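The model is shown below.

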Amino acid sequence: MGPDLCPCAHAAALCPASIVFFSFLLSRIVFHDGASQQRTIGVLAIIAGLFLFIAPARNGAGSVLFGDMLFIGSGLMFSAYAVLVRRWHADPVTATAAVVLLSCLPLPVLYLLAPSQIHAAAVGEIIAQIVIQGILAGAAAMFLYTYIVRQQGPQTASLFLPGIPIATVLVGMAVLGETPMMIQFAAIAIMAAGMGLSAIGGRIASKRLGAPAPGGS
């Protein structure tokens, strides 16, 4: 529904931005995770860069705002999933299987009641979408994200997601010949700097936690 109400660029930026923000916030609330100054600045830079990325596409329509809120809400739910995976110590395979199976439950109802043009699509196109969206972008991506959350925590895992709009721009330039605006190039640079600063801040925090206390044996 969100892509019908606002530009796709909003989805590519708002979802990662909201996941980064809510993962940072929920981790501090639920697990009382500390954050170094570098990581805090890095997270703020990522969010600023993501909003700067979608700035050229904004038109101020009310429907666009509602679509943006849907994307932000999806980011909140994804962040809550990551926090629960860590809290419950969920196995990546089990968690992925549960998400995939539960997502399939409403399919018969949607097939019967929701308007669809699936009968007009070629069999090869349907199979390609099953592989690309169902297996690669769905189950495989969910498994890898869940595994990273178990290993590194929700905050660190979420820092990789701003790479989505960056990769989208690079692929668009190489495959479609699209040229981003200068403001979007600036946004990409800000996001890359934010991810680097956050990674450095995470390493500094880890070293501090692993360092022996003064005077200790």
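## A buried serine

S79 is buried, its relative accessible area being 0% (buried means under 20%, exposed over 50%, partly exposed in between; 1.4 Å probe, protein chains only). This serine is found in helix α4, residues 62-88 (helices are DSSP runs of H or I of at least four residues, numbered from the N terminus). The side chain of S79 reaches the backbone oxygen of G75 at 2.9 Å. Leaving aside residues up to four places away in sequence, S79 touches S18, I19, F22, S23 and L26 (heavy atoms within 4.5 Å).

The model is predicted: local features need pLDDT of at least 70, side-chain atom pairs count only at pLDDT 80 or more, and totals for chains, interfaces and linings use all residues. Residues are numbered from 1 along each chain as its sequence is written, and side-chain values use heavy atoms, with hydrogens and water left out.

## Aromatic cluster

The structure holds four aromatic pairs (ring centres within 6.5 Å; planes under 30 degrees apart are stacked, over 60 edge-to-face, the rest tilted). F78 and Y81 form a tilted pair, 6.2 Å centre to centre with 40 degrees between the planes. F78 is partly exposed at 26%, whereas Y81 is buried at 18%.

The rings of F78 and Y145 have centres 4.9 Å apart and planes at 40 degrees, so this pair is also tilted. Because F78 lies in helix α4 and Y145 in helix α7, the pair ties together parts 67 residues apart in sequence. F78, Y81 and Y145 form one aromatic cluster.

How values were computed:
Helix = DSSP H or I, 4+ residues; strand = E, 2+ residues; numbered from the N terminus. Polar contact = N/O pair within 3.5 Å; in protein donor to acceptor, adjacent residues only side chain to side chain. Phe/Tyr/Trp six-rings, centres within 6.5 Å; stacked < 30°, edge-to-face > 60°.
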